Amino acid sequence: MELHESVMQSNGVVIFRLVLAFFRFLLVKMFEKTSIAFLSLVEGLSMKGTAEDDVATFDQLSKRWWEPNGPMILLHRLNKLRVPMVVEGLIKVGKLDRKQRYTTDALKGLNILDVGCGGGIYAEALAKLHANVVGIDPARHLIEVAKAHADAQSDIKDRCHYYEQSMEEHWQGAANKYDVVVLSETIEHVVDKSSLLKHVAEVLKPGGSVFISTWNKTSWSWLLAVVVLENIMKRLPKGSHDYDKFVSPEETEAILEAYGCRTIEQRPFYLKFWESEWVWVPFNQLTYALHAVKG
């Protein structure tokens with residue numbers, strides 16, 4: 001009898017937890033839909049944008065791209081995570097010696113492609129570690145900004161080269177050319193992710209690495225990116241993120257695997273938006289960084 005009561009109580013706890021999880025799910029979905037409707041009505045929020053819209057949005061910000069505390073502050077601060085991840089990742093796969101971890105020329109001799117380079121914030125940081133960097137972006141004004149900023153620095157101007165191109169245009173003459181390809185805050189602006197990552201795999205040398213950082217496809221990432229950072233705190237350009245283009249790490253890994261790139265590390269990170277600081281975290285609901293190697 002006591003055993004029967006214990007089993008009944010255990011089942012009751014399980015059912016209670018399932019019901020609680022269900023109502024939590026409904027609450028999140030109701031909040032999401034209500035927020036979309038409210039913001040669409042009050043602020044004219046658009047949840048969808050074309051590739052041309054994205055290019056135009058970032059083109060308009062070109063003049064302020066290099067202001068450390070300006071509209072692109074979050075990209076400047078993201079270098080704190082994404083640059084060391086490249087160095088550490090290449091050490092893990094044996095492309096760099098561990099002694100190079102903290103050297104000023106850690107990436108010397110490596111050819112790196114920055115897809116969606118914008119005004120060159122990430123590309124320049126990699127070039128300062130003596131990598132030879134090619135940056136591509138379809139936004140003409142951003143490429144002009146990137147070129148001008150690099151040309152003004154004698155230590156990197158010969159190692160930074162920028163082109164107004166999409167990946168679809170660039171890959172055709174660059175098969176097996178690069179040791180590393182980086183896509184930071186880029187893939188969430190692309191509709192055809194499979195085609196993009198196919199071209200990435202094609203330009204990588206065998207054994208080459210691809211590093212991706214982007215937003216996960218969850219209600220929480222939408223809430224932070226679109227509602228909080230774009231529309232409330234104004235830390236991201238309004239209209240620059242479309243939830244439909246967000247991609248989960250599982251989907252990203254699956255696409256890469258289909259084109260011969262095996263994921264060896266996936267790390268979630270989070271924005272302490274009250275401090276504009278990115279930090280590594282143990283939960284994977286918002287943003288993530290991924291490292292894959294071409295077999």
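Strands are DSSP runs of E with at least two residues and helices are runs of H or I with at least four, both numbered from the N terminus, and two strands pair if DSSP finds at least two bridges between them. The model is a predicted one, in which local features need pLDDT of at least 70 and side-chain atom pairs count only at pLDDT 80 or more, while totals for chains, interfaces and linings use all residues. Residues are numbered from 1 along each chain as its sequence is written, and side-chain values use heavy atoms, with hydrogens and water left out.

Lys272 has Glu277, in E7, as its bridge partner. Four residues lie between the two strands, and in this hairpin Ser276 takes a positive phi near 55 degrees.

Aromatic rings come next. Rings of Phe, Tyr and Trp (its six-membered ring) count as a pair if their centres lie within 6.5 Å, and planes under 30 degrees apart are called stacked, over 60 edge-to-face and the rest tilted. The structure holds eight aromatic pairs. In one of them, the rings of Phe269 and Trp280 have centres 5.8 Å apart and planes at 85 degrees, so this pair is edge-to-face. Because Phe269 lies in strand E6 and Trp280 in strand E7, the pair ties together parts that are eleven residues apart in sequence.

For accessibility, buried means under 20% relative accessible area, exposed over 50% and partly exposed in between (1.4 Å probe, protein chains only). Phe269 is buried at 2%, whereas Trp280 is partly exposed at 28%. Both rings belong to one aromatic cluster, formed by Trp215, Tyr243, Phe246, Phe269, Trp278 and Trp280.

A charge sits over a ring if NZ of Lys or CZ of Arg is within 6 Å of the ring centre and within 35 degrees of the ring normal. Arg267 lies over the face of Trp280, at 3.9 Å from the ring centre, and Lys217 lies over the face of Tyr243, at 5.5 Å.

The annotated positions remain. An unreviewed UniProt entry gives the annotation "binding site" to Arg82, Gly116, Asp137 and Ser184; such annotations may be inferred rather than shown by experiment. Arg82 lies in helix H3 (residues 73-92) and is buried, with a relative accessible area of 7%. Leaving aside neighbours within four places in sequence, Arg82 is in contact (heavy atoms within 4.5 Å) with Leu75, Ile121, Tyr122 and Ser184.
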